Amino acid sequence: MVIASPEYYTHAVAPKDLDPPLAPAHPGLEGALGGEAEPTPRVAVARLDLARRIDHTLLAPQTGREALYRHCQEAVDHAFYSVCVASRNVGFCAERLAGTGIRVCSVVAFPHGDASTAAKRAEAARAVQDGADELDVVLALGSLRDGDHRAVVDDLRAVVAAAAERPVKVILETVRLDERQIVVACALSQAAGAAFVKTSTGYGGGGATVDDVALMRSVVGPHVAVKASGGIRDAAGADALLAAGATRLGASRSIAIVGGAAVGGGEDY
């Protein structure tokens, strides 16, 4: 077996806007994903607005190439905003999605956030090199709970710098924080230059709630986006989170949310 070098999967991507068209064209699908692709998304027009706010998420540690290939095809078929994957899978997805208009989002220090700043910076930089358009980094919860706000900000600023102007979303893991800590975490994320604050990893024992999203939105105002993630299972739940102030949604049950065939059990990211 011949193994391709890491450079084979590197796909340079320029920074992109946060508000893409709701019904984008999908040029070059055959070349990117193989086979003959439909010219339009498979989601009802009425749900395109919802689909274009979803990061289609696949973060199970056992994920292999077949699952990633299928995941990319689902993102194209349903016109999701991005695929959200582990950093080691960014190159594969960037190569498959080139020319489709679907972005690639990489998690950093997932799911615990307790990696060193140097490790986070290195992971972020490599994800960008491999083609990541956005980065979702887990906050240093220990530093936050210790009240070491300088350490939290410095940690996040290192990732923002490594992102090279790509949007960085800070995962707060709200289920592990009280209201005051959520407020402080949002303020520190904003001070560090983050583009988003995000509720959850899906591994923390809870997910996004309307109350947490509304609180986060009240803190960051109109200048920072809010991503709700974890436990989103249907369109009604998604719509409630958007109404509360979410800008983007992270979900592994994305197809069911936009009215596609129901998917089975498994983790809720």
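Guide: An angle between axes that is under 35 degrees counts as roughly parallel, and one from 65 to 115 degrees as roughly perpendicular. Keep that cut-off in mind for the helix pairs below. The model shown here is predicted.

Visitor: Which values describe two packed helices?

Guide: Two packed helices are described by the angle between their axes and by the distance between those axes. Here, take α5 and helix α7, residues 149-162: their axes come within 8 Å and cross at roughly 20 degrees. The angle is under 35 degrees, so α5 and α7 are roughly parallel to each other. The crossing of α5 with α7 is right-handed.

Visitor: Which residues of α5 and α7 make the contact?

Guide: On the α5 side they are T117, K120, R121, A124, A125 and V128, and on the α7 side D154, D155, A158, V159 and A162. Sorted by class, the residues of this α5 and α7 contact are 6 nonpolar, 1 polar and 4 charged.

Visitor: Which residues of α3 meet α4?

Guide: R65, L68, Y69, C72 and V76 of α3 meet F92, C93, R96 and L97 of α4. The residues of the α3 and α4 contact comprise 7 nonpolar, no polar and 2 charged.

Visitor: Is A109 buried or exposed?

Guide: A residue counts as buried under 20% relative accessible area. A109 has 11%, so A109 is buried.

Visitor: Where does E173 lie, and what is its phi?

Guide: E173 lies in the loop between β5 (168-171) and α8 (179-191). Its phi is positive, near 55 degrees, and E173 is not a glycine. With a relative accessible area of 2%, E173 is buried.

Visitor: Where is A244 found, and which residues does A244 touch?

Guide: A244 is in the loop between α10 (235-243) and β8 (248-251). Leaving out residues up to four places away in sequence, A244 touches V210, V213, A214 and R217. Its relative accessible area is 16%, so A244 is buried. V226 is 18 residues from A244 in sequence, and the two C-alpha atoms are 10.0 Å apart.

Visitor: How many helices and strands does the protein chain have, and what share of residues is buried?

Guide: The protein chain has 11 helices and 8 strands. Of its 269 residues, 53% count as buried. Among contacts in the chain with a separation of 6 or more, 69% are between residues 24 or more positions apart. The accessible surface is about 11,400 Å², and carbon and sulfur atoms account for 53% of that area.

Methods:
Residues are numbered from 1 along each chain as its sequence is written. This is a predicted model: local features need pLDDT of at least 70, side-chain atom pairs count only at pLDDT 80 or more; totals for chains, interfaces and linings use all residues. Side-chain values use heavy atoms; hydrogens and water are left out. Helices (H or I, at least four residues) and strands (E, at least two) are DSSP runs, numbered from the N terminus. Buried means under 20% relative accessible area, exposed over 50%, partly exposed in between (1.4 Å probe, protein chains only). Contact means heavy atoms within 4.5 Å. Ala, Val, Leu, Ile, Met, Phe, Trp, Tyr, Cys and Pro count as nonpolar, Asp, Glu, Lys and Arg as charged, and the others, Gly among them, as polar. Accessible areas come from the Shrake-Rupley method with a 1.4 Å probe; for residues, only the protein chains shown count as cover. Axes are lines fitted to C-alpha atoms, for helices over the stretch in contact, and angles run from 0 to 180 degrees between N-to-C directions. Angles under 35 degrees count as roughly parallel, over 145 as roughly antiparallel, 65 to 115 as roughly perpendicular and the rest as oblique. A crossing is left-handed if the near helix is turned anticlockwise from the far one by less than a right angle, and right-handed if clockwise.
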